[in-house]
Amino acid sequence: MSSAVSPPVLRALVTGTPPYRVAQTEIREAARTLFPRMAARPHLLDVFSNAQIDSRALARPLPWFLEPHGFGEKNAVFLEEARALITRLGREALAQAQVRPADIDAVIVVNTSGLSTPSLDAWLIESLGLSRHAARLPVWGLGCAGGAAGLARAADLVRAGFRRVLYVAAELCSLTLVKGDESKSNFVGTALFADGGAALVVTAPDVPGPPPLLSIHGAYSTLIENSEDIMGWDVVDDGLKVRFSRDIPTLVRGMMRENVAEALAAHGWPREGVDTFVVHPGGVKVLAAYEEALGLAPGTLDSSRKVLREHGNMSSATVLFVLEEALKAGAQGRAILSAMGPGFSAEHVLMEL
């Protein structure tokens, strides 16, 4: 689909985390209790330092995670903390965008790390006093790709005539830790996963308000065939157990150059015209693979590395933190926002800053 003559614009972007911040060194020490068999091989604990994460926000204090918790208890914590987070961030985003709650035409909530029926968008309408006639679009299960896909869907809704869209992503990935499970996936997830959220307001360009942060020109989605085993959750009695089954950096190196070229070509953008790359930091090896595949100059992904260092991997919300960092750093011109997630899939959003 070609870009609209007057593309949707981003009026507000707010990020935030739960209140409990823990240093990576503390989590590494906790891993000795959580993973005694693996901790007996000290070199395996190097994954915590190799992740290049300084600290992370968690939904509960660190000692809470050293005790066993069932799926029901974890999900109750998810509901409590996710509702508090999206309410706070949504209120801030509306204020930043200078949009009255009653004027919101559509609500999108993206998450993958907990379950809620009614979906979280219903809670958001009640808690913020949004229009009770707002269209609701809960998006679940896209994992790390959800942040990009949610932004694309928000722009699609604006193009469809919903002039003011509130989009929220909230993830509490720490709650997916399965105590007693010494699988490699659970171990690596403990070294990477964190909690956080973002709220954005996307509007038609002629809606009154502050100067736009950026314009959204299009999106591109790719589902890789026979790839469902690469990433996802296995639902067990103790909750959502993470699944990593293949070498994601190798996949990025093998497909991303062509995939990004296809995304740009679909909208008539030349590769050399893209100034900024906003990439979800799934891990340091994933970022290195992006740099290699796309031939990026040193420093191009500094915003991604900064977010990984300061926050860890917060699934869908992470790439929105990276976008915020890129805007703070003064990025300008054409940009592509990219993330990969369960499916296995790639999502790209084309923007002009």
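Figure 1. C144 is found in the loop between strand β5 (135–140) and helix α6 (146–159); helices (H or I, at least four residues) and strands (E, at least two) are DSSP runs, numbered from the N terminus. The model is predicted: local features need pLDDT of at least 70 and side-chain atom pairs count only at pLDDT 80 or more, whereas totals for chains, interfaces and linings use all residues. Residues are numbered from 1 along each chain as its sequence is written, and side-chain values use heavy atoms, with hydrogens and water left out. An unreviewed UniProt entry places the feature "active site" at C144; UniProt positions are given in the numbering used here, feature names are shortened, and annotations may be inferred rather than shown by experiment. With a relative accessibility of 8%, C144 counts as buried (buried means under 20% relative accessible area, exposed over 50%, partly exposed in between; 1.4 Å probe, protein chains only). Leaving aside residues up to four places away in sequence, C144 touches H280, N313, S315, S316, A339, M340, G341 and P342, where contact means heavy atoms within 4.5 Å.

**Figure 2. The interface between the two assigned domains.** The domain assignment gives domain 1 (9–203) and domain 2 (214–352), with bounds that come from an automatic or database domain assignment. Their C-alpha centres lie 17 Å apart. Contacts involve 58 residues of domain 1 and 45 residues of domain 2. About 4000 Å² is buried between domain 1 and domain 2, and carbon and sulfur atoms give 66% of this area; buried area is the accessible area (1.4 Å probe) that two parts lose on being put together, summed over both.

**Figure 3. Aromatic ring pairs.** Rings of Phe, Tyr and Trp (its six-membered ring) pair if their centres lie within 6.5 Å; planes under 30 degrees apart count as stacked, over 60 as edge-to-face and the rest as tilted. By this rule the count comes to four aromatic pairs. In one of them, the ring centres of F35 and F187 are 5.1 Å apart and the planes stand at 90°, so the pair is edge-to-face. This pair links distant parts of the chain, 152 residues apart: F35 belongs to the loop between α1 (24–34) and α2 (36–39), and F187 to helix α7 (residues 184–192). F35 is buried at 1% relative accessibility, and F187 is buried at 3%. The rings of F193 and W233 also form an edge-to-face pair, with centres 6.3 Å apart and planes at 70°. Here F193 lies in the loop between α7 and β7 (195–203) and W233 in strand β9 (residues 231–236), 40 residues apart. Both F193 and W233 are buried. Ring pairs link F35, F48 and F187 into a cluster.

**Figure 4. Arginine side chains over tryptophan rings.** R83 lies over the face of W123, 4.5 Å from the ring centre. R334 lies over the face of W269, at 4.3 Å from the ring centre. A charge sits over a ring if NZ of Lys or CZ of Arg is within 6 Å of the ring centre and within 35 degrees of the ring normal.

**Figure 5. Packing of helix α9.** Helix α9 spans residues 284–294, and V286, L287, A289, Y290, E291, A293 and L294 are buried in it. These buried residues pack against α8 (248–265), β11 (274–279), α10 (302–311) and β12 (334–341). Just after α9, G295 takes a positive phi of about 60°.
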